[in-house]
Amino acid sequence: MTDFSKLCIHSITTKPWGLDTAAKKYGAAGVGAISVWQDAVASWGGGCSAAGAMIREEGLDVACYVRGGFFTALEGAERTRAIDENKRIIDEAAEIGAPLLVLVCGATPGQSLFESRKQISDGIGATVEHAAKAGVKLGIEPLHPMYADSRSAVNSMSQANAICDEIGHSNLGITVDVFHTWWDDRLQSELTIAGEKDRIFSFHICDWKNLPEDMLNDRGIMGEGVINVSQIRNWVHAAGFNGYEEVEIFSNRYWAMDQDEYLGKIIGAYANLG
Ligand code: ZN
């Protein structure tokens, strides 16, 4: 029988459910943890500490809080505001009891990706100590290059490793998402490097459908698309990561269906990973 204790689901995966419903349903299904998106806490309305308590009451851990980042901007004042905003989000992560905040690092049209990466490095450097004091780790999530226009200038594991090397703080590491990294011929070797440096902080799974209809909201369930999720998972495990396997799916199609049935499909697909 499949052990679901390492299975975690992101609240956004079942977006039509409120945070309390998601926690109840995941808990009842034997899922180990939930990763909580800010909008889910905001619409639940009870605040971060109460949300954390409510989730633990359902027998779930909070794996991570999503998301901080967006450090890049043409104007210095905006970059300073982004640093303040990230400190505030780190405090929310601490209140909800999340050990990790995922960073979508940002990219700004009108400046080079090199400049954006420099600003990302400066922004993280200015927040990581605040995170350490709050007991929250920061995970740089490299995003697929199709998002390099405006979401993130960090598009590969090697770029994420380079920023971690530059900052050199034990509270800074990487969130690996199969959707964003599967195409990379350096993926396995960069995972090995990240593992040796104890900086694989979290692992996201879903699938890349053959010819997705939407760049953002048409992700597939594991096994539905072209990613060899089991192989990447083996590499991540071989690199020493032993934490939650977090299902993060944005999908207009799945959000439109019965969410109980959808949760059943996710659990079935996870069991099929072996
Ligand atoms: Zn992700």
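Is the crossing of H8 and H9 left-handed or right-handed? Please look closely at H8 and what surrounds it.

Author: The crossing of H8 and H9 is right-handed, where a crossing is called left-handed if the near helix is turned anticlockwise from the far one by less than a right angle, and right-handed if clockwise. Before going further, please note that this is a predicted model, in which local features need pLDDT of at least 70 and side-chain atom pairs count only at pLDDT 80 or more, while totals for chains, interfaces and linings use all residues. Residues are numbered from 1 along each chain as its sequence is written, and side-chain values use heavy atoms, with hydrogens and water left out.

Helix H8 spans residues 187-196 and helix H9 residues 229-238; helices (H or I, at least four residues) and strands (E, at least two) are DSSP runs, numbered from the N terminus. The axes of H8 and H9 come within 8 Å and cross at roughly 25 degrees, the axes being lines fitted to C-alpha atoms, for helices over the stretch in contact, with angles that run from 0 to 180 degrees between N-to-C directions. H8 is therefore roughly parallel to H9, since angles under 35 degrees count as roughly parallel, over 145 as roughly antiparallel, 65 to 115 as roughly perpendicular and the rest as oblique. On the H8 side the contact (heavy atoms within 4.5 Å) is made by Leu187, Gln188 and Leu191, and on the H9 side by Ile232, Trp235 and Val236. By class, five of these residues are nonpolar, one is polar and none is charged; Ala, Val, Leu, Ile, Met, Phe, Trp, Tyr, Cys and Pro count as nonpolar, Asp, Glu, Lys and Arg as charged, and the others, Gly among them, as polar.

H8 also meets helix H6 (residues 157-167), and here the axes come within 9 Å and cross at roughly 20 degrees. H6 and H8 are therefore roughly parallel to each other, and their crossing is left-handed. Met157, Ser158 and Asn161 of H6 make this contact with Leu187, Glu190, Leu191, Ile193 and Ala194 of H8, a set with five nonpolar, two polar and one charged residues. Leu187 and Leu191 of H8 take part in the contact with H9 and in the contact with H6.

Aspartate 198 has a positive phi of about 55 degrees although it is not a glycine. Most residues other than glycine have a negative phi.
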